[in-house]
Every structure is written in structure tokens, then in C-alpha cells.
Amino acid sequence: MQHNEKTSKNLIWFLGQELNIQMNMLKHQTEIIKLVINQLLEDEVHKKAGEKYEHSSKNYSRWGSNPGSVKIGKERIKMEIPRLYNKQQERTEGLDNYKKIRAAEVSSEKLMSQILFGLSQKNYSEIARTTAESFGFSQSSISREFIEASTRALEDFEERDLGEYDFIGLAIDGKYLRKHQIVIALGITMDGMKIPLGFIETTTENHTAVKGLLSNLIKRNFNFTEGIFVLIDGATGLKKAVKETFGKYALIQRCTWHKRENVVSYLPKEQQDHYRRKLQRAYSEPDYETAKQKLYEVRIELETINRSAANSLNEGLKETLTLHRLGLVDELGKSLLTTNIIENLNSQLSGYIRKVKNWSSSKMRARWVAASLMQIEDRMRRINNYEQLKLLRTAIKSELKLEQEKVA
């Protein structure tokens, strides 16, 4: 009886998760569908009335808009629908394309699948074409102008300009999907928002691939010249990629949790909890010199017990104390001493994709990761004490001597 009750609760939970995923995905796809429909409507307006604000000899002129809606599956999407004025008959008219779209019966599941598949390949023209066809437009009736305009709109929507954000931090970490690893970059803005910025399928040790991911962020106007605080777990490939990409503008913070667990992994189980607590107490010290001294004392102890553990602690030790050196452990240590903020993202990602038992292709993995990250972003909270991030920016500029550089 208890087993059946537990199974029933698990089934209800799973169905609830499935519904949330579908609703969140639908929210994102709705914006894409609206973009395509707007282009279909604008395509007709352009053919009949010409460009905006031009004095045209055509029989129609633009005449504002009216509220309208389009039904996708069981959902109704509200939109503003353009109007035309018939100069010869001296009356306003609706759009033929709008009437056609209103008359169409479109399966939301099928359309969503087509959109996700197009997103996985970054094939925006195909998204526009298949969406238009779902509303009953034949390939021959879809104009080249519509494809070009809608492709540009979708590219702008998906490949957002990162220059509109003021970033102070970046967290980079890997996530395994079965035997395949995805490396994700998560941005932290000055107002504490966490924004998934991009991902690649590779290993955290492949610095060339990770460098490509970071370089792509820069191409999308990711600004780092005010100084960027970079959280990593300690993988050498990540560190090398960060250094080569951001150079003197980056301050690396190695995750103290990963460092602690790496060190104790060399020890017998009966000693692990003892040294785990010692390391945690050291990292909990807000004062840089005090924390460093306590870590050195632990290292000296470990050298007599297990040299491998001592060497593990010594490797990159300075980078585990970056926030201590900046004097901001009390203010921001809860959020920025470990990679927990991106580990939380990875945990949510697992919630979206764990029901996929077999990944048929790399495209499938990319499609699911991209769609999931889009939805997770809306649910992410600001980091703790984000109001203190202005202190972090000042400290980073001082540490990297960026203010002196600006004056010079």
C-alpha cells in the first residue's frame, strides 16, 4: 500500500514537472511565434502599402492597429494587428494573412517541436518557413522578403546583444549528460542577476574549446574591461582559457568546496571529516592573512600524513583566497566562494532533461540544453547581498590597477 502511494506521488510529481516544462517552453516559443506572425502580417502590409512613412502611389496606406489574437493549440496569443486604409473605397480593411492565420488549426506540440529543432541548428529561416507553413501558407506563397525579415528578427531574439548588461562576474562549469559533457557559462550582473550566456559540448580540460565559448561572448559584446570576477572549479583548461581570453582584466576565484573535497579525497575515510572541518574553518575566516595562515598550518600537518593531499592543497591555493584578498568574504562569501550558483543551475538543468534516457545526437543534446536554459533563466534569483557588488567592482579595479590605467 505504501509502495503504491509513493509511486502515485512520484507520478503526480513527474506529471507536474512535465507540465511546467511544457508551459515554460511554450512561453518562450510564443515569443518566437509572435515574431513570425508579425512578419507575415508586415509582409502583406509592405506589399500593399509600401514602406513606413513613404508617400506611395499604392492603393493602400497604413492605418494603425487593432488588438487581436491567434490560437495555437488551446492557447490564445494576444497581438496588435495592423490595419490598412483602402484609398479607392475610402475604408479601413483587415489583412488577408491575419484571416488565414485565424482560420488555421495549429498543433502547439508539433509547432514547438519544429521550433526547437530549428533552434538546435540555429536555422532561423527554417523556423520562419515551417511556422508559416503550419498556418497554411504554401512555400510558393512565402516571399523571400518575409524569410529574410523573419530570419533577422529571430537571430536578434536568440543571439541577444550582451552589451546591454553590466557584468561583474562569470561562473564556468561542466555538466555531464550521460557520457557527454556540456560546459556552461553563467553571467552575474551588477544588480545580482544570473544569466546563462552560452554552452559548448566539450570537456573542462579542453581550453581551446572553452576559449572559443568565451570568445563568442566577447563577439556578442560581453564587456569585461571594468574587471571580471571568474568562478571556476579548478580545471586547468578553464583557467587557461580565462587567462588567454580576458588577460589582465580577470580575477579567478577557485571554488573552495572543490578544493576542500579534492584535498580530503587523498586521505583515509577516517581522517576525511576531521580535515574537511579544518579546511572549512580556514576558508570561513573573513581575514585574508588569518585564512592563509590556517591553510598553511593544515598543509604542514598534511605533509607528514599524506604528501599528495598537501600538494593538492598547495596547488592554486592563492586563487581560492581571491575574495579574502579583496576583503569581501563577509559581504559576498556565501555566493562567490564556491561554484554553487552554477551548480544550482546544473541541478535545475537535470530536472528538465533527466527524463531523456537516450541522446540520439549532439543536436538533440544542444536542443534540450538550449531550451532548458531559456526557461531556467526566468526562475533564477539574484545572488545574496547583491547590493554589495559595487564594493566588489571597486576592489577588482584596485587589485588589477584598472583605475590607474584609466587615468593614464
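**Entry 1. The sheet**

I began with strand 1 and strand 2 (residues 75–86), which run antiparallel and are joined by 11 bridges. The model is a predicted one, in which local features need pLDDT of at least 70, side-chain atom pairs count only at pLDDT 80 or more, and totals for chains, interfaces and linings use all residues. Residues are numbered from 1 along each chain as its sequence is written, and side-chain values use heavy atoms, with hydrogens and water left out.

For the terms, I took strands (E, at least two residues) and helices (H or I, at least four) as DSSP runs numbered from the N terminus. Two strands pair if DSSP finds at least two bridges between them.

I then followed strand 2 to strand 3, with which it pairs in the antiparallel sense over 3 bridges. Leu84 stands opposite Glu93 in strand 3. The hairpin of strand 2 and strand 3 has 4 residues between the strands, and in it Glu90 has a positive phi near 55°.

Taken as a whole, the sheet is open, with 3 strands in the order 1-2-3 and antiparallel pairing. Strand 1 (60–72) and strand 3 (91–93) each have a single partner strand and stand at the edges, so one side of each is left without a neighbour in the sheet. I noted that neighbouring strands of this sheet are turned by 25° against each other on average, direction ignored.

Helix 2 (residues 96–103) packs on the sheet and touches strand 1 and strand 2; contact means heavy atoms within 4.5 Å. The direction of helix 2 makes about 5° with that of strand 1. Axes are lines fitted to C-alpha atoms, for helices over the stretch in contact, and angles run from 0 to 180 degrees between N-to-C directions.

**Entry 2. Helix 6**

I checked the length of helix 6 (residues 207–219): at 1.5 Å a residue its 13 residues should span 18 Å, and the end C-alpha atoms are 18 Å apart, which agrees. The expected span is 1.5 Å times one less than the number of residues.

Buried means under 20% relative accessible area, exposed over 50%, and partly exposed in between (1.4 Å probe, protein chains only). In helix 6, I found His207, Val210, Leu213, Leu214 and Leu217 buried. These residues cover an arc of only 120° around the axis, which puts them on the same side of helix 6; the arc is that of the directions from the helix axis to the C-beta atoms. Thr208 and Lys219 are exposed on the other side of helix 6.

I also looked at Ile218 in helix 6, which counts as partly exposed at 30% relative accessibility. Leaving aside neighbours within four places in sequence, Ile218 is in contact with Phe224, Thr245 and Phe246. Thr245 lies 27 residues from Ile218 along the chain, and their C-alpha atoms are separated by 9.0 Å. Asn221, with a positive phi near 70°, follows helix 6.

**Entry 3. Helix 9**

I found that helix 9 (residues 269–284) has 16 residues and reaches 23 Å from its first C-alpha to its last, close to the 22 Å expected at 1.5 Å a residue. Its buried residues are Gln272, Tyr275, Leu279, Ala282 and Tyr283. Their arc around the axis is only 95°, which puts them on the same side of helix 9. I noted their packing partners as helix 8 (256–264), helix 10 (288–305), helix 11 (307–314), helix 12 (317–320) and helix 13 (322–325).

**Entry 4. Thr339**

I located Thr339 in the loop between helix 14 (329–336) and helix 15 (340–353). At 1% relative accessibility, Thr339 counts as buried. Not counting residues up to four places away in sequence, Thr339 touches Leu231, Ile232, Asp233, Cys255 and His258.

**Entry 5. The whole chain**

I recorded 18 helices and 8 strands for the chain. Of its 408 residues, 48% are buried. Among contacts with a separation of 6 or more, 64% are between residues 24 or more positions apart. The chain exposes about 21,400 Å², of which carbon and sulfur atoms supply 48%; accessible areas come from the Shrake-Rupley method with a 1.4 Å probe, and for residues only the protein chains shown count as cover.
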